[in-house]
Amino acid sequence: MKICLISFDHWEYDQHIIKVLKDKNIEAHHINTGKFKYKYPTPFHRITNSLSKTLLKRNIKKIKQHQYILDELKKLGPQDKILVINPELIPVAIHRQIKTHTKQYIAYLYDSSKRYPIDHLLDNIFDKIFSFDSDDVAQYGFSPISNYIYMDKKPLQQPTEATYGAFMILSIDERLQALNAIANSLDSININYNFMLVGKHKPADLNPNINHQKDIIKLDKLDQYMNDAQVFVDIVRVNQTGLSFRVFDSLCYQKKLITTNKTIKDYDFYNPNNILIVDADNPVIKASFFETPYEPLNENIYYKYTIDNWVNTVFFDKGDTI
């Protein structure tokens, strides 16, 4: 069986899908559009493209990126299944060309349709669409699936082994106010934390105990930061009803979680000893949450959220031979 994954793998999560497929002896390939680099032939071409984007809504860099996908597929040959993640990043015309290269065309939505509309992609383009957002599943009839635990389970640590009380990494967006509020709440109970805000410009109103940096953090460094923390913090975007990767990191590292996601209480892994749900505008956090150890999850429940189960669910029907 030949399977191809197409995605913009900014945080390097998607590469783990390919690894699991290869471990199952599947011929798997990843077309990572995040690694495609376009160089303008001359400064004139750069100026021309700038005008084209403004006046004609036509971006030559995007056009070249989409052609890169088609060129790579031509090299790979026919595929049994192709999965595209965040399909809204690719025009409909390109999707229809991609579909000619495979027997089954699948999409996975990393984000809510409220954030990135996908109505233009619903006209018989995909054979199956998966979504982690429960509202989208209810509205469009998508196949429900969560994100996944992509690493081996980490050993259970005691609260005294942690360097920091809490850890959070966040890009600069509308969640900044909630990040500040949680930091202020932790300051009030003398809990130390390692909060990292990533973006070009440091906000003027940032809590002074929150670290700011311009560059993204690679997964190996992120692993170190998460190992050093006792509790993870998860702040969901407005209108998000699915689970972010930070939730699955907490399950993998067997760490407690503070989250603004109220829907998390509906999942079978929810345990109030391990997970504290707070209001984004007025988070109430007590020091006692940090004083009790994490309670390990049932193994059967844990497996449901692993990448192995995710891959089986997305790619393999009951009649498929792996």
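The second largest cavity holds about 50 Å³ of space. A cavity here is a set of points, on a 1 Å grid over the protein atoms alone, where a 1.4 Å probe fits but cannot get out. Grid points are joined across faces, edges and corners, and a volume is the space filled by probe spheres set on the points. The model is predicted: local features need pLDDT of at least 70, side-chain atom pairs count only at pLDDT 80 or more, and totals for chains, interfaces and linings use all residues. Residues are numbered from 1 along each chain as its sequence is written, and side-chain values use heavy atoms, with hydrogens and water left out.

**Cavities**

- Lining residues have an atom within 4 Å of a point; for the second largest cavity they are Ser250, Leu251, Lys255, Lys256, Leu257, Phe269, Asn274, Ile275, Tyr294 and Leu297.
- By class, this lining of the second largest cavity has six nonpolar, two polar and two charged residues, where Ala, Val, Leu, Ile, Met, Phe, Trp, Tyr, Cys and Pro count as nonpolar, Asp, Glu, Lys and Arg as charged, and the others, Gly among them, as polar.
- At least two residues of the lining of the second largest cavity come from each of α8 (245–253) and β11 (256–259); helices (H or I, at least four residues) and strands (E, at least two) are DSSP runs, numbered from the N terminus.
- The largest cavity has about 110 Å³ of space, and the count of cavities of 30 Å³ or more is five.
- Of the 14 residues lining the largest cavity, Gln157, Gln158, Pro159, Gln230 and Gln254 lie nearest its centre.
- The lining of the largest cavity divides into seven nonpolar, five polar and two charged residues.

**Sheet and packing helices**

- An open sheet of six strands has the order β9-β8-β7-β10-β11-β12, with parallel pairing; two strands pair if DSSP finds at least two bridges between them.
- The edges are β9 (211–213) and β12 (275–277), each with a single partner strand, so one side of each is left without a neighbour in the sheet.
- On average, neighbouring strands of this sheet are turned by 20 degrees against each other, direction ignored.
- β11 and β12 run parallel and are joined by three bridges; Leu257 has Ile275 in β12 as its bridge partner.
- Helix α6 (residues 176–188) packs on the sheet and touches β7 (164–171), β8 (193–198) and β10 (229–234), its direction making about 165 degrees with that of β8.
- Helix α8 also packs on the sheet, touching β7, β10 and β11, and its direction makes about 160 degrees with that of β10.
- Axes for these angles are lines fitted to C-alpha atoms, for helices over the stretch in contact, and angles run from 0 to 180 degrees between N-to-C directions.

**Arg246**

- Arg246 lies in helix α8 and is buried, with a relative accessible area of 9%; buried means under 20% relative accessible area, exposed over 50%, partly exposed in between (1.4 Å probe, protein chains only).
- Neighbours within four places in sequence aside, Arg246 is in contact with Ile169, Met226, Phe232, Val233, Asp234 and Leu257, contact meaning heavy atoms within 4.5 Å.

**Positive phi**

- Most residues other than glycine have a negative phi.
- Asn25, not a glycine, has a positive phi of about 65 degrees; Asn25 sits in the loop between α1 (15–23) and β2 (27–32) and is exposed at 72% relative accessibility.
- Asn190, also not a glycine, has a positive phi of about 60 degrees; Asn190 is in the loop between α6 and β8 and is exposed, with a relative accessible area of 70%.

Terms used. 1 Å grid on protein atoms, 1.4 Å probe; cavity = no way out; pocket = protein on both sides within 12 Å on 5 of 7 lines; lining within 4 Å.
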